[in-house]
Amino acid sequence: PAMQQALESAAPGFRAVRASSFRSDVSQAAAATGSGGMPAAFAAVGDFDQDGTIDAVVEGTVAADSALHVMAIVNGPTPIAVEITRFAVYDADAVGVYVTTPPAGVAGAFEVVAYPDSSVLYQYRDGGFQGRHVDN
C-alpha cells in the first residue's frame, strides 16, 4: 500500500479519527452536506490533483502530538502525503472538525469544516493545495 506508506512517512504513527469520536451535531452536518449516503467525516476521496488517479484526505493524530492533523495523500507512481492544516486545540472525545467533498460542480476539491464556525475549500493548483474560506 504505497499511499499508506506515504502517509506514515509524512506523519509517523498517524491514527485516523474514529467515527464515534465526532460530536452528534457534526455527524448530522456532515451527512447533510455529503454527496449522498453517510460520509466518513474523517476522510474523503477524489481525484484532487486531476491526474486520473484517486487521492485521499484524512484527519487524525500523530504520535507525540496532541493536535488534529488533516493530511492529503496524492496518488501516482510515487504517492506523497502533505499536511493540509492542523488544529492545535480540539476535543478528542467530541471532534468538531470534519472533511467532505464539496457540492457538485467543484472538481478536484475537498472541504475542511470546523463546525459550525468555518469552512475552507481546498483545491490542487500549481503543484500544491490552496485553500479559501467559504460561507457556511
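Alanine 114 has serine 118, in β8, as its bridge partner. Strand β7 (residues 109-114) and strand β8 (residues 118-125) run antiparallel and are joined by six bridges. The model described here is predicted.

- Four strands make up an open sheet, and their order is β6-β7-β8-β9.
- The pairing in this sheet is antiparallel.
- At its edges lie β6 (97-100) and β9 (128-134), each of which pairs on one side only.
- From one strand to the next, the twist averages 25 degrees.

**Salt bridges**

- Side chains of opposite charge can pair when their charged atoms come close.
- The structure has two salt bridges.
- One of them links the side chains of arginine 23 and aspartate 25, at 2.9 Å from N to O.
- The other salt bridge is between the side chains of aspartate 65 and arginine 86, with an N to O distance of 3.3 Å.
- Because aspartate 65 belongs to strand β4 (residues 65-74) and arginine 86 to strand β5 (residues 80-87), this pair ties together parts that are 21 residues apart in sequence.

**Exposure of the paired residues**

- Arginine 23 has 26% relative accessibility, so it counts as partly exposed.
- Aspartate 65 is partly exposed at 27% relative accessibility.
- Arginine 86 has a relative accessibility of 40% and therefore counts as partly exposed.

Conventions
Residues are numbered from 1 along each chain as its sequence is written. This is a predicted model: local features need pLDDT of at least 70, side-chain atom pairs count only at pLDDT 80 or more; totals for chains, interfaces and linings use all residues. Side-chain values use heavy atoms; hydrogens and water are left out. A salt bridge is a side-chain nitrogen of Lys or Arg within 4 Å of a carboxyl oxygen of Asp or Glu. Buried means under 20% relative accessible area, exposed over 50%, partly exposed in between (1.4 Å probe, protein chains only). Helices (H or I, at least four residues) and strands (E, at least two) are DSSP runs, numbered from the N terminus. Two strands pair if DSSP finds at least two bridges between them. Axes are lines fitted to C-alpha atoms, for helices over the stretch in contact, and angles run from 0 to 180 degrees between N-to-C directions.
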